[in-house]
Amino acid sequence: MKPYYAVIFTNTRTPSDNGYGEMAIAMEQLAREQDGFLDFESARDGLGISISYWESLEAISKWKANVEHQVAQKKGMENWYSWYKIRICTVEREYEFTKP
């Protein structure tokens with residue numbers, strides 16, 4: 001398997017929902033439509049972690065520059081997140097287990 005990239009978005013939310021759920025669904029759908037998008041995973045139990053997987057750093061840059069995504073980023077800073085950190089990593093290999 002060729003190496004690919006993971007964008008890890010770790011965050012804590014503010015108490016207000018204020019349209020967050022709808023925007024999260026819209027952004028995942030929009031990301032899935034971008035060239036170079038591979039997959040998406042997320043979990044929240046107090047701390048939120050969302051990971052998007054991409055073919056290249058160029059694809060990640062284009063996603064970050066997407067106008068609709070920039071609107072969501074601005075709303076996130078103003079309304080939805082009290083803290084976040086983004087990490088961009090190279091995935092060299094992966095392993096998987098599925099119980100039969």
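Guide: Helices (H or I, at least four residues) and strands (E, at least two) are DSSP runs, numbered from the N terminus. This is a predicted model, where local features need pLDDT of at least 70, side-chain atom pairs count only at pLDDT 80 or more, and totals for chains, interfaces and linings use all residues. Residues are numbered from 1 along each chain as its sequence is written, and side-chain values use heavy atoms, leaving out hydrogens and water.

Visitor: Okay, where does Ser-50 lie?

Guide: In strand 3, residues 47-54.

Visitor: Is Ser-50 buried or exposed?

Guide: Buried, at 18% relative accessible area (buried is under 20%, exposed over 50%, partly exposed in between, with a 1.4 Å probe and protein chains only). Setting aside neighbours within four places in sequence, Ser-50 has contacts (heavy atoms within 4.5 Å) with Val-7, Ile-8, Phe-9, Phe-40, Glu-41 and Ser-42.

Visitor: Switching topic: how many salt bridges are in the whole structure?

Guide: Three, taking a salt bridge as a side-chain nitrogen of Lys or Arg within 4 Å of a carboxyl oxygen of Asp or Glu. One of them joins Arg-32 and Glu-28 at 2.9 Å, N to O.

Visitor: How far apart are Arg-32 and Glu-28 along helix 1?

Guide: Four residues, so about one helical turn separates them. Arg-32 is partly exposed at 37%, and Glu-28 is partly exposed at 26%.

Visitor: And which residue does Glu-58 bridge to?

Guide: Lys-62, with the closest N and O atoms 3.3 Å apart. Glu-58 is exposed at 52%, and Lys-62 is exposed at 53%.
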